[in-house]
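Colleague: Please walk me through this one step by step, and start wherever you like.

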Amino acid sequence: MAIRAVLALVLWLLPGGIAVAQDLSALAKLVPAPSRIEDRADGVAIDLVITQAVPWRVRVMDAPPRLVLDTREVDWTGLSSISLNSKTIGAARAGVFRQGWSRLVLALNGPYLVDMAEMSTDQNLPRLRLTLKSASQEAFAAAASLPEPPQWALPAVSDLPKPVGRGTGPIVVVLDPGHGGIDPGAERDGHKEADLMLTFARELKEVLLRDGRFLVVLTRDDDVFVPLEARISIARAAGAHVFLSLHADALAEGEAVGATLYTLDDEATDEAAQALAERHDRDDLLSGVDLTAQDDLVATILIDMARTETEPRVLRLASALEAAIKGAGLKMHRRPHQTGGFSVLKSPDIPSALLELGFLSSARDMARLTDADWRAEMAAALRDGLGVWAAEDASLAALRKP
């Protein structure tokens, strides 16, 4: 007998029937050979075989029309090789949606709604089965415009300052203590990365506020889980001039010591722009630019244009922070500035950097991270670096004005 493991989140898309939510969590992989997508007389049948059952949800999105399937940690490698016999389904893309969750996006050639959705486990491997049926444009638009269910929506942003322009008021700094809640990050000797970074973020906030030039917002001020993209949304809602994500990772092999600054990898920018255009609300993509009426392609182009202006600002930010940390005599990694495709760095219009304050896998870094005096020195260095960067950034912005 098939077991239907359908998340409660999927119910608001289905026209009727009963589904059972199950608390499943595991890393699964797509099995391409038996998977297939094919047109049928009454619509489209999607049959995706994975190695083990996982929580999931499905919905439709508009402009352009597409089916979106979110799953708990599914590796979609091999997606391009599955049997596709459909004129209804166009391009298929998959990737990481938010921490611990993957997203599969199937382009639709018109308005289709989910008629049936289930995960069956009555055979050797679980199968995600969906059927789509043609719908009116009005019905499709109504389904696509439904808000996220309360269990899934990004946390509400409250008590944020009113945005101010560059060079016209305090420097708005959004500090992002990594991890939190169900995601403790790296751990060593009873210390969790999430706790250490929250402690440092609070201390750095105090240093910045006492300076008088800064207005500071934390993406979290408690041991709670905040989705990665929600952190970007908080920064945008706060009118951030700069976004700094704080981490202290651990490496399983080799030894890494010292603080490291990360900025977004050039190779990740195209993918980031496409993912942002696809996943975010249009009014959450670019500050001051209305993209609500634009499709993904136009939004992606505008995001790329914004990133072209932001990239040199990011490089100057990393340079200023590196100079300040070294100037304070604090230990940095032998490669102090590196790049990566971190989700929290993908805001196209907010200069963003990720700072690994140290590595919990290093006993020396661990000692520094738990030393209040060292943290105070690092906080002061970051204050100085941010001040130098902000002054230069405001001066350059003024020169560009007509």
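**Strands, helices and a few residues**

Modeller: β17 and β18 pair in the parallel sense over 5 bridges, where two strands count as paired if DSSP finds at least two bridges between them. Helices (H or I, at least four residues) and strands (E, at least two) are DSSP runs, numbered from the N terminus. Before we go on, please keep in mind that this is a predicted model, in which local features need pLDDT of at least 70 and side-chain atom pairs count only at pLDDT 80 or more, while totals for chains, interfaces and linings use all residues. Residues are numbered from 1 along each chain as its sequence is written, and side-chain values use heavy atoms, with hydrogens and water left out.

Colleague: Ok, and which residue in β18 is the bridge partner of Ala-259?

Modeller: The partner of Ala-259 in β18 is Met-332. Strand β17 also pairs with β19, where 3 bridges join the two strands and they run antiparallel, and there Leu-261 stands opposite Leu-355 of β19.

Colleague: What is the strand order in the open sheet of 6 strands?

Modeller: The order is β15-β12-β16-β19-β17-β18, and the pairing is mixed. At the edges are β15 (214–218) and β18 (332–340), each of which pairs on one side only. From one strand to the next the twist averages 25°, where axes are lines fitted to C-alpha atoms, for helices over the stretch in contact, and angles run from 0 to 180 degrees between N-to-C directions. Within this sheet, β16 (residues 242–247) and β19 (residues 352–356) pair in the parallel sense over 5 bridges, and Leu-244 stands opposite Ala-353 in β19.

Colleague: Which strands does helix α2 lie across?

Modeller: Helix α2 (residues 193–211) lies across β12 (171–177), β15 and β16, and runs at about 160° to β15. It has 19 residues and reaches 27 Å from its first C-alpha to its last, close to the 27 Å expected at 1.5 Å a residue; the expected span is 1.5 Å times one less than the number of residues. Its buried residues include Leu-196, Phe-200 and Leu-204, and just after the helix Gly-212 takes a positive phi of about 95°.

Colleague: Switching topic, what about the other sheet, the open one of 5 strands: what is its order?

Modeller: There the order is β7-β2-β3-β11-β10, again with mixed pairing. Its edge strands, β7 (83–85) and β10 (112–120), each pair on one side only, and neighbouring strands are turned by 15° against each other on average, direction ignored. Strands β3 (residues 43–49) and β11 (residues 127–134) run antiparallel and are joined by 6 bridges, with Leu-48 having Leu-128 as its bridge partner in β11.

Colleague: And which residues of α1 are buried?

Modeller: In α1 (residues 137–144), the buried ones are Phe-140, Ala-143 and Ala-144. Seen down the axis of α1, these buried residues fall within an arc of 95°, so they line one face of the helix; the arc is that of the directions from the helix axis to the C-beta atoms. They pack against β4 (56–61), β5 (66–72), β9 (101–108) and β10, where contact means heavy atoms within 4.5 Å.

Colleague: One more residue: is Arg-231 buried or exposed?

Modeller: Arg-231, which lies in helix α3 (residues 228–237), is buried, with a relative accessible area of 2%. Its side chain is joined to that of Asp-176 by a polar contact of 2.6 Å, and a polar contact is a pair of N or O atoms within 3.5 Å; within protein, one must be able to donate a hydrogen and the other to accept it, and residues adjacent in sequence count only if both atoms are side-chain atoms.

Colleague: Last one: how many helices and strands does the protein chain come to?

Modeller: The secondary structure comes to 7 helices and 19 strands, and buried residues make up 50% of the 402 residues in the protein chain.

Key:
Buried means under 20% relative accessible area, exposed over 50%, partly exposed in between (1.4 Å probe, protein chains only).
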